Every structure is written in C-alpha cells, then in structure tokens.
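Below is a short briefing on one protein chain, arranged by topic. Please look over the sequence and the structure before reading the points.

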Amino acid sequence: MDLGPYEYIVKRIDGDYAYLVMAGSSDEKCVARALLPEEISEGDRLLYENLQYSII
C-alpha cells in the first residue's frame, strides 16, 4: 500500500463529497468529506500522507 505523500487540489465540493485533483493531473478523485479536514473549501491544497489529509 502506498501511503504518499501526494498533493491534491479541492476542485469542487458537492454535499458530503469533495472532488480532488492530483497536482499535475486532470483526473478527479471523489472523497467523503468525513475523511477531510472540516475547514476545507474549493481551491485548497491538501497533502495526503499516512492515510490522512491535511491542508497545506
């Protein structure tokens, strides 16, 4: 299992889900908002490492 680190940008938020785009890619990844920091907003940069997301 690969635990990162990876950088993502929050492309959009839709209800209980956020759609993330990996830096340098156009593929969207759908993630439940319960797994993300509460204070995220569209355009935020996130770091995924060791099964956790944090705002950078």
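Contact here means heavy atoms within 4.5 Å. By that criterion, and leaving aside residues up to four places away in sequence, Arg12 touches Tyr17, Ala18, Tyr19, Glu28 and Glu42. The model is predicted.

- Strands of a sheet pair through backbone hydrogen bonds, and the sense can be parallel or antiparallel.
- Between strand 4 and strand 5 there are 4 bridges, in the antiparallel sense.
- Leu47 has Ser54, in strand 5, as its bridge partner.

- Tyr8 and Tyr53 form a tilted pair, with 6.3 Å centre to centre and 55 degrees between the planes.
- Tyr8 lies in strand 1 and Tyr53 in strand 5, so this pair ties together parts that are 45 residues apart in sequence.
- Tyr48 and Tyr53 also form a tilted pair, at 4.8 Å centre to centre with 50 degrees between the planes.
- Tyr8 and Tyr53 are both buried.
- Tyr53 counts as buried because its relative accessibility is 12%, where the cut-off is under 20%.
- Tyr48 is likewise buried, with a relative accessible area of 13%.

**Charged ends over rings**

- The charged end of Lys29 sits over the ring of Tyr48, 5.2 Å from the ring centre.
- The charged end of Arg12 sits over the ring of Tyr19, at 3.9 Å from the centre of that ring.

**Arg12**

- Arg12 belongs to strand 1.
- With a relative accessible area of 34%, Arg12 is partly exposed, as the value falls between the 20% limit for buried and the 50% limit for exposed.
- Arg12 and Ser41 are 29 residues apart along the chain, and their C-alpha atoms are separated by 8.0 Å.

**Loop between strand 4 and strand 5**

- Which residue in this loop has a positive phi of about 55 degrees although it is not a glycine? That residue is Asn50, placed in the loop between strand 4 and strand 5.
- Leu51 is found in the loop between strand 4 and strand 5 as well, and has a positive phi of about 65 degrees although it is not a glycine.
- Most residues other than glycine have a negative phi.
- Asn50 counts as exposed because its relative accessibility is 52%, and the cut-off for exposed is over 50%.
- Leu51 is exposed too, with a relative accessible area of 53%.

Key
Residues are numbered from 1 along each chain as its sequence is written. This is a predicted model: local features need pLDDT of at least 70, side-chain atom pairs count only at pLDDT 80 or more; totals for chains, interfaces and linings use all residues. Side-chain values use heavy atoms; hydrogens and water are left out. Two strands pair if DSSP finds at least two bridges between them. Helices (H or I, at least four residues) and strands (E, at least two) are DSSP runs, numbered from the N terminus. Buried means under 20% relative accessible area, exposed over 50%, partly exposed in between (1.4 Å probe, protein chains only). Rings of Phe, Tyr and Trp (its six-membered ring) pair if their centres lie within 6.5 Å; planes under 30 degrees apart count as stacked, over 60 as edge-to-face and the rest as tilted. A charge sits over a ring if NZ of Lys or CZ of Arg is within 6 Å of the ring centre and within 35 degrees of the ring normal.
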